[in-house]
Amino acid sequence: MNVLMFTNTYLPIVGGVSESVQRLKRQLQAAGHRVLVVAPRLEGQPDDESDVVRVVAMQHFNGSDFSLPVPIPGQLHEAIEAFEPDIVHAHHPFLLGDTAARAAETYGLPLIFTHHTLYEHYTHYVPGDSPRMQRFAVALATQYTWLCDEVIAPSESIRDLLRRREANPAISVVPSGVDTARFARGDGGAWRERLGIPDGAYVMGHLGRLALEKNLAFLAEALAGALAARPEAHALVVGEGEARRDIEAAAAARGVAGRLHFTGRLQGQALIDAYHAMDVFAFASHSETQGMVVAEAMAAGLPVVALDAPGVREVVVEGRNGRLIAGDDLEAMTQALAALAVDEARAALAEAALATAAGYDEARCAARCLAVYRQAIARGGPFTHADEGGWERIRHRLGAEWQMLRHRGRLLRHLVQEEWEQERPAWWPGHREEDETEAPRE
């Protein structure tokens, strides 16, 4: 099978979607399939990428780690036609996601969309952030699903959320995979020695982008509290971002800054070794569609202490492979982290964590994704415009633009209706007491 993927984030960006796309691509290719990725042109990208097509992008959009692709209609047709794809897989519902929808419509190919991200948690990166912008982000992703033949949700939580939002019901749950064998092998001792952490110390760890949407101010307070309660404990934070200041400030306020360690952004074996320097993994995000770093931590044999949130509750089972804290309960989170300083309290949880991680092995997850591809192809064809003449191809390209205009019209209509329902008075007939969708958390 020839799989054409479109993603707004890719190498050298470090992040959940970038990693998910790379891992799926690698596993599909290992199984004998061909993959072509369309991604933004980025500073520091690999020199040799025979299976990647880069498009122009605005670097570090609005001061963030993200880049903004600027797809030019028509610039990809030659590459797509030479590749002869069987299916199109979009990993975002906008920018290159729009280009993916146009390509699928132009060439008569099934379109798959993975809903990787709860975009309403990321609107602070856009000038003019507001509740209206959050509603727009929800509507944009939801309405995009109706352009697609199949939708992939990385977890049951996101599948259920999409159903409540009245998305396309053709939804399959396919988690993003982890190379469990690779994550099981690491040298944590080297990181401990480098950072001056004693061999026998209890180490609480966190890994990821240190971004505002990850609820890291809360996590910082929990880690600082646990450090204060356990004088033998240390905290290890892997990643970089603006929230580092919050973590440092919380540790300084509790007088435990000397036992807080940062590695900066890591990749490859260095990242895996950092997991193995930890005894427990701490996670507080509400913005995940799947806790991929949680699965990675478990593959490294770590119990996880996390908040009960979408994408995480499918992985962490209270009392079995970790602790799942209801709500932003700072005292409960702090106490759970401090309690796991005892070796005997972690042993059974760590064993169960390894067993849980096996279910997220990337080869298994890629096989499940392939089943979705085959389902879409079987339902819709196979059917392709690739061999048609010039005038027919132009007609189909115009048809793709018409399809995108209709999509924009549906989105606009949905937003107008949402605005009306938000603002109409309570006495108006049909007024909704509360929104059925999950309101974006602060």
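Buried means under 20% relative accessible area, exposed means over 50%, and partly exposed covers the range in between, using a 1.4 Å probe and protein chains only. By that scale glutamate 166 counts as exposed, at 62% relative accessibility. This is a predicted model, in which local features need pLDDT of at least 70, side-chain atom pairs count only at pLDDT 80 or more, and totals for chains, interfaces and linings use all residues. Residues are numbered from 1 along each chain as its sequence is written, and side-chain values use heavy atoms, with hydrogens and water left out. Helices (H or I, at least four residues) and strands (E, at least two) are DSSP runs, numbered from the N terminus.

**Backbone**

- Most residues other than glycine have a negative phi, and most peptide bonds are trans.
- Leucine 11 and proline 12 are joined by a cis peptide bond, with omega about 5 degrees.
- Proline 12 sits in the loop between β1 (2-6) and α1 (16-30).
- Leucine 95 has a positive phi, near 55 degrees.
- The loop between β6 (87-90) and α3 (96-107) holds leucine 95, which counts as partly exposed at 23% relative accessibility.
- Glutamate 166 also has a positive phi, near 60 degrees, and lies in the loop between α5 (156-164) and β9 (171-173).

**Helix α7**

- Gly188, Trp191 and Arg192 are buried in helix α7 (residues 188-195).
- Seen down the axis of α7, its buried residues fall within an arc of 100 degrees, so they line one face of the helix. The arc is that of the directions from the helix axis to the C-beta atoms.
- Glu193 and Arg194 are exposed on the other side of α7.
- The packing partners of the buried residues of α7 are β10 (202-207), β12 (260-264) and α10.
- Aspartate 187 caps the N-terminal end of α7, with a side-chain oxygen 3.2 Å from the backbone nitrogen of glycine 189.

- Alanine 277 is found in the loop between α10 (268-276) and β13 (280-283), and counts as buried at 1% relative accessibility.
- Leaving aside neighbours within four places in sequence, alanine 277 is in contact (heavy atoms within 4.5 Å) with Gly188, Trp191, Arg192, Val203 and Leu236.
- The C-alpha atoms of alanine 277 and arginine 192 are separated by 6.2 Å, although the residues are 85 apart along the chain.
- Histidine 234 lies in strand β11 (residues 233-238) and is buried, with a relative accessible area of 9%.
- A polar contact of 2.8 Å joins the side chains of histidine 234 and histidine 261. Such a contact is a pair of N or O atoms within 3.5 Å; within protein, one must be able to donate a hydrogen and the other to accept it, and residues adjacent in sequence count only if both atoms are side-chain atoms.

**Aromatic rings**

- The structure holds 5 aromatic pairs. Rings of Phe, Tyr and Trp (its six-membered ring) pair if their centres lie within 6.5 Å; planes under 30 degrees apart count as stacked, over 60 as edge-to-face and the rest as tilted.
- The rings of phenylalanine 113 and tyrosine 144 have centres 5.0 Å apart and planes at 75 degrees, so the pair is edge-to-face.
- This pair links distant parts of the chain, with phenylalanine 113 in strand β7 (residues 111-114) and tyrosine 144 in helix α4 (residues 131-144), 31 residues apart.
- Both phenylalanine 113 and tyrosine 144 are buried.
- Phe183, Tyr275, Phe281 and Phe283 are linked by ring pairs into a cluster.
- The charged end of arginine 244 sits over the ring of phenylalanine 262, 4.0 Å from its centre. The rule asks for NZ of Lys or CZ of Arg within 6 Å of the ring centre and within 35 degrees of the ring normal.

**Salt bridges**

- The count comes to 18 salt bridges, each a side-chain nitrogen of Lys or Arg within 4 Å of a carboxyl oxygen of Asp or Glu.
- Aspartate 279 forms one with arginine 192, the closest N and O atoms being 3.0 Å apart.
- Aspartate 279 lies in the loop between α10 and β13 and arginine 192 in helix α7, so the pair ties together parts that are 87 residues apart in sequence.
- Arg192, Asp279, Asp343 and Arg346 are linked in a network of salt bridges.
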